[in-house]
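Look over the sequence and the structure first, then read on.

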Amino acid sequence: MPAHTRVAVVGAGPAGLLLSHLLDRYGIESVVVDSRSREQIETTIRAGILEQGTVEILDGTGASRRVLAEGHKHEGIELRFAGEGHRIDFAETVGRAVWLYPQHEVLKDLIAARLAAGQDLRFGVTATRVEDAGTDRPRVVGKDAEGNAVEIDADVVVGADGSRGVVREAVTGARGGFFREYPFAWFGILCEAPPSSQELIYSNSPDGFALISQRSPEIQRMYFQCAPDTDPEAATDEQLWETLQARVPGTTLREGRIFQRDVLRFRSFVAREMRRGRVVLVGDAAHTVPPTGAKGMNLAVADVVLLAEALRALLIDRDERLFDAFPETARQRIWKAQHFSWWMTNMLHPQPGASEFDHMRQLGELRTVVESQAGHTYLAEAYTGWPLSGLPAD
Ligand code: PHB
């Protein structure tokens, strides 16, 4: 006999864990499965910028007690081009901010909170498919770490299993999604060094883009634009520092030992469907954005806030309206975030093979933004995040 739960969640990333946390506050039971181990989830280095609304949800619902104490509030970013930095002031333009608090720290907090609440959270359980998606009793089928069959029947199945997850197939079938690939990637490093800047620097240089980010007083995260097929191990540390330094003219980087390197592909994707019957997609399972707008995890949180409300109405009040409206409501924010991520990406990265005209036009675009109050305000509004609808009451 398969086990039964109200909501079966595939994927213990930020989307899946936050959803189970919010559902629990409504007294709705869920099971969360993930093929990875707890250690893998807690140690994978991902992005680090949280919108103000994301921080309010994490702090306000008790999902993370550390985000405000240990995260770093940033009230602006710098756009750097033609050898000069231009600050976009979030506090002054929109009265909002973002927090630098790495995703794996969010995950540690969420996992600790779920386990303390007695959540059925199963690591090492690989979902292989979803059955009976079109019915009101869908089922997750998979196996545990020992190879034993696992079946979980649910009122609703949620795919929070990322861009390579299995739930998407059950929802979109062959219809797939809207997709765009970019002809460049980011070379990311983590290094042991003091911060080179108190705020993030997004730099468009003639040699390509670079982003100077931080992790802590001792550890820094930086990226530079590279070809998608770049081998992360091919360059020496000295070569990497030389490349990075050349990409932020006018700033002197503080160098240190590089202890992690990775290459991040750039893609935009939105699934054509986010729901089929009682099976729903959230987060990266439903959409991917390139990292330039720092929207990935924040968009997942926005999906989940909406879905938690919709599931409360469906499963407690037996009111299907919010659940039926969920894909369309979520899609509106998703496409705004797609546009912002695409816009930041294209404004800041010289395209391979770009002409002199293209380059000069790009500088004209950047100048249009930094010399205009409206430009500052749009960037600040989008970067710090549009208001979240359906915020759960405490
Ligand atoms: C990061 O710190 O990893 C980071 C920050 C901002 C971005 C992307 C990544 O836009």
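## Helices that pack together

Helices α9 (residues 296-315) and α10 (residues 321-348) pack at an angle of about 170°, with their axes 9 Å apart. That makes α9 roughly antiparallel to α10 (angles over 145 degrees count as such). Axes are lines fitted to C-alpha atoms, for helices over the stretch in contact, and angles run from 0 to 180 degrees between N-to-C directions. Helices here are DSSP runs of H or I with at least four residues, strands are runs of E with at least two, and both are numbered from the N terminus.

Which residues of α9 meet α10? Among them are L299, A302, D303 and L306. On the α10 side, the residues include L322, F323, F326 and R333. Contact means heavy atoms within 4.5 Å. By class, this contact has 14 nonpolar, one polar and three charged residues. Ala, Val, Leu, Ile, Met, Phe, Trp, Tyr, Cys and Pro count as nonpolar; Asp, Glu, Lys and Arg count as charged; the others, Gly among them, are polar.

Helix α10 also meets α11 (residues 356-370). Their axes come within 9 Å and cross at roughly 125°. W343, N346, M347 and L348 in α10 meet Q362, E365, L366 and V369 in α11. This contact has five nonpolar, two polar and one charged residues.

## About the model

This is a predicted model: local features need pLDDT of at least 70, side-chain atom pairs count only at pLDDT 80 or more, and totals for chains, interfaces and linings use all residues. Residues are numbered from 1 along each chain as its sequence is written, and side-chain values use heavy atoms, with hydrogens and water left out.

## The open sheet

Eight strands form an open sheet with mixed pairing. Their order is β6-β5-β13-β14-β15-β12-β16-β19. Two strands pair if DSSP finds at least two bridges between them. β6 (84-89) and β19 (287-288) stand at the edges, each with a single partner strand, so one side of each has no neighbour in the sheet.

Strand β16 (residues 257-271) pairs with β19 in the antiparallel sense, over two bridges. V270 has H287 in β19 as its bridge partner.

## A buried strand and a buried helix

Is strand β2 (residues 30-34) enclosed or open? Five of its five residues are buried (under 20% relative accessible area, with a 1.4 Å probe and protein chains only). So β2 is largely enclosed by the rest of the structure. S30, V32 and D34 point one way, and V31 and V33 the other way. β2 runs parallel to β1 (residues 3-10), joined by four bridges. V9 stands opposite V32.

Helix α6 (residues 103-116) has 14 residues. From first C-alpha to last, α6 reaches 20 Å, close to the 20 Å expected. The expected span is 1.5 Å times one less than the number of residues. Buried residues of α6 include V106, L107, L110 and I111. Their cover includes α1, α2, α3 and α9.

## Positive phi values

Most residues other than glycine have a negative phi. A82, in the loop between β5 and β6, has a positive phi near 50°. A294 has a positive phi of about 55°. A294 lies in the loop between β19 and α9, and at 17% relative accessibility counts as buried.

Technical notes:
Buried means under 20% relative accessible area, exposed over 50%, partly exposed in between (1.4 Å probe, protein chains only). Angles under 35 degrees count as roughly parallel, over 145 as roughly antiparallel, 65 to 115 as roughly perpendicular and the rest as oblique.
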